[in-house]
Amino acid sequence: MRETLCLDCEHPWEEHRGSAFKGPAACGECQYEEDHGQQVPGREKCWNSVPHALFVRPTARELERAAPLHRKVLLRFGRLMVAVLHLVVRWP
Ligand SMILES: [Zn+2]
Ligand SMILES: [Zn+2]
């Protein structure tokens, strides 16, 4: 999932038709609000289904862009471990 919220009703896409979750035809959250009389005024029950594009896997380029951050975190964690080791070694 690349976008987590439906633009129309601002509920998670997981609650919408077409997601892995076999929900009702209408948005599950909207249905729930209707059942419990909690509808947000001015908002209609949402019948959107999950846009297919949201299921498209990230491209290699997008993965590449995400990788450096992951590596940075690993590096930082490694330095922290080294610092902790030094501290332990110096302990009397
Ligand atoms: Zn919706
Ligand atoms: Zn909804």
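This note goes through the predicted model point by point.

1. Basis. The model is predicted: local features need pLDDT of at least 70, side-chain atom pairs count only at pLDDT 80 or more, and totals for chains, interfaces and linings use all residues. Residues are numbered from 1 along each chain as its sequence is written, while chains are lettered from A and ligands numbered from 1 in the order in which they are written.

2. Fold content. The protein chain has two helices and zero strands (DSSP runs, H or I of at least four residues for helices, E of at least two for strands, numbered from the N terminus). Of its 92 residues, 11% count as buried (20 or more other C-beta atoms within 10 Å; exposed is 12 or fewer, partly exposed in between; C-beta atoms are placed from the backbone).

3. Core. Seven residues form the largest nonpolar core, among them Trp13, Val50 and Cys27. Such a core is a set of buried Ala, Val, Leu, Ile, Met, Phe, Trp, Tyr and Cys residues joined through C-beta atoms within 7 Å.

4. Cys27. Leaving out residues up to four places away in sequence, Cys27 touches Cys6, Cys9, His11, Glu15, His16, Lys45, Cys46 and Asn48 (contact: C-beta atoms, placed from the backbone, within 7 Å).

5. Glu10. This residue sits in the segment before α1 (28-35). Glu10 is exposed, with 11 other C-beta atoms within 10 Å.

6. Gln31. Helix α1 holds Gln31. Gln31 is partly exposed, because it has 16 C-beta neighbours inside 10 Å.

Methods:
Contact = placed C-beta atoms within 7 Å.
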